[in-house]
Amino acid sequence: MKRPIVTVIALLVLASLAAAQAEPVEKFSQEDKFRQLEELWPTPNDQRTASGAPGVDYWQQQVDYVIEVELDDENQSLSGSEKVTYQNNSPDTLRYLWVQLDVNLFAPDSAGALAQTAPSFEKMSPGQLQSLIERELFDGSCQVGAVTDANGGVLPYTIVGTMMRIDLPKPLAPGATFVFGVEWGYQINDSKYVRARTGFERFEEDGNIIYEMAHWFPRLAAYTDVNGWQHKQFLGRGEFTLEFGDFRVSITAPDDHIVAATGELQNAGEVLTAAQRQRLDQARQADSPMFIVTPEEAKQSETSKPTGKKTWVFDAENVRDFAWASSRKFIWDAQGHPMGGRQVLAMSYYPNEGEPLWSRYSTHAIIHTLNVYSRLTFEYPYPVAISVNGPVGGMEYPMICFNGPRPEKDGTYSQRTKYGLISVIIHEVGHNYFPMIVNSDERQWTWMDEGLNTFCQYIAEQEWEEEYPSGRGEPQKIVGYMTSANQVPIMTNSESILQFGANAYAKPATALNVLRETILGRELFDFAFREYSQRWMFKRPQPSDLFRTLEDASAIDLDWFWRGWFYSTDHVDIGIAGVQLYTVDSLDPDVEKPRLQALRDQEPTTVGAERYAAMPKRADDHPDLLDFYNRYDPLDVTERDRGKFEKAIASFEADEREVLSTDLQFYVVDFENHGGLVMPILLQIEFEDGSQRLMRIPAEIWRQDNEKVSKLILSRKPIKGFTLDPRLETADANLENNLWPPKVTESRFKLFKREKQKNPMQLLEQKGEVDSASGGGQ
């Protein structure tokens, strides 16, 4: 079959573009670090513009849920039913819907379980061994009871791992709505043995349990303009990709439980006591956190037995997910916080085992996070923000998050625990912004929420108190990772990342910090970052939307930065290779020749010349061997020299003669890029009079040679030395080559005396066993 000429040309163009992407353009055997990324990014269209903003035809689906769920505290199981309303806002006709059954991860034969690599058996605790065994035995998969349409008719479905395909009775046209129901149940995982983002924790002392429930209901997979159905299997690491919608959730639990959840409680009169309702009303206007359930009341509840059940009803609007927690052990504190003319209720739920740490810090950390993040991005739009202590170390959902740190049993705590709690609450509450509102695809790109959130977390930590011990954010703290061997670029799918925390959290956070403090400056960066956040509120951005927006709002071409930090594993190591000093030759022989004579006189006398000087010479015995050249010194000034100078000066214009007498000194500093990642050159100049000057040379100096460059520096004062990156702004991996002239590296070593080890006889003798072991004493 013959192809039309236009089609053939189009195919040739596509082939040439693909080849261009596959083979980097080289400049004298160097990779082009400044090559534009447009060829890698999606072509702008009516859904996503070249500026990084949503286009005029941007769309996303809407999914609303009405859910009834019951917690079985005796058997640690869950059963529920849901009515789902799916609004097809896409331009496509859909023949089926994909639903996420994330708890199928807990099936013994799930892909996530089977894909786990073997652990190390060099050191294994009893708890680790128990977890390995329990993971093989436990089945927490979703038991689907029925899938029906709005009229109760049975809908055919197919379960594929952690996904379920529901076949529609007729195609769902653009703009149409489909309503269906699902009944399901499953066994909840014991977090002591099966660690996950959800689960229960049993307290052996009193027999009570804290439940933290996440990805607990069948949730619609996202259908997007970029991927169509995002139905990558849930393997445990790559988190969630979800649609926005409205929720009404009714949670039935033992009547002595306190329930915390996404959204606002709708039936406080039915589930709270009069005293609790009064305290909650007072907390809305309080200046500090108030107890809704006191520690004493929570302690008393630990010894009670339920007499029945209560159903807690929550409504949540425009959220992408829903999570909740339940326990009779919960202390509950709250404080209202003004946010743009309305009150946001910040609340914390925790057992007595969390005291005194939680009542002191948790709700304060929530409020602090809302203040800092809202300044950096947009005003927090939801009515509540909740932190819960339980079995999950740190996990986020709309309006609610689960956080793990607790003090010791005696109530004391380490510095690490204190700041670990504050930091994890800041981080998990911060996730309301990324990705709960700026709704990036977590299953594909972990860094788009974790990296941006960790960046904002660092700022919030630094604004908490002086010298806050942030673990991530400062450039020098990422050096060890960036110089390590087992790396992949940040732009790597979530399931394929190596060194997960450093890659998806620390490195992108550091990159944004460098961009803010060093490349763009705070004012320009903050404007661009806020623009990105507000453009993509309640929408689903891709990496290119972030990159394009930050360039669009700053007027700075940052392709070299994205390429180096996000698309490569290069590291920063720029060194000073050498320095040369040039001054203008005055041409005056009475100035220049004495100067050269002085330099000659400063040259060292060689060993041979010194020894031969004392030896007798033939010319001493035969003076007639000495002639004109034995008396001639080419550095002696002659009248001929002076005449040539006068003639040269006469040919110069008046302003040219002034240049000859300049006192400027010309320093040429040679730089080498050892790490491969191009960055601005931050050069501190120290003058002999003790003064200093910092030059910020843009990264574009590397655009024609990214391995070696030279920079001319003019100075009227003599320069004593140079220092690269004096304030540790760029994550430079080797500070020793940042100095000119080089300095001695100081360090210390410790002496130790090795203790003599006892032999087996001595050890047994200590225990009185030597006779029996040796057969003696007969």
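I looked up Arg-165 and Asp-167 first. Their side chains meet in a salt bridge, with 2.7 Å from N to O. I used the term for a side-chain nitrogen of Lys or Arg within 4 Å of a carboxyl oxygen of Asp or Glu. Arg-165 is partly exposed at 24% relative accessible area, and Asp-167 is partly exposed at 22%. My cut-offs were buried under 20% relative accessible area, exposed over 50%, and partly exposed in between (1.4 Å probe, protein chains only).

I note that this is a predicted model, where local features need pLDDT of at least 70, side-chain atom pairs count only at pLDDT 80 or more, and totals for chains, interfaces and linings use all residues. Residues are numbered from 1 along each chain as its sequence is written, and side-chain values use heavy atoms, without hydrogens and water.

Next I checked Glu-592. It pairs with Arg-595 in a salt bridge, closest N and O atoms 2.8 Å apart. Both sit in helix 15 (residues 589-602), three residues apart, so about one helical turn separates them. Helices (H or I, at least four residues) and strands (E, at least two) are DSSP runs, numbered from the N terminus. Glu-592 is buried at 9%, while Arg-595 is partly exposed at 39%.

Then I turned to Asp-689. Its salt bridge is with Lys-717, at 3.2 Å between the closest N and O atoms. Asp-689 is in the loop between strands 28 (681-687) and 29 (692-697), and Lys-717 in the loop between strands 30 (708-715) and 31 (719-724), so the pair ties together parts 28 residues apart in sequence. Asp-689 is exposed at 52%; Lys-717 is partly exposed at 32%.

Last, I logged a salt-bridge network linking Asp-206, Lys-299, Glu-302, Lys-329 and Glu-353. The structure holds 39 salt bridges.
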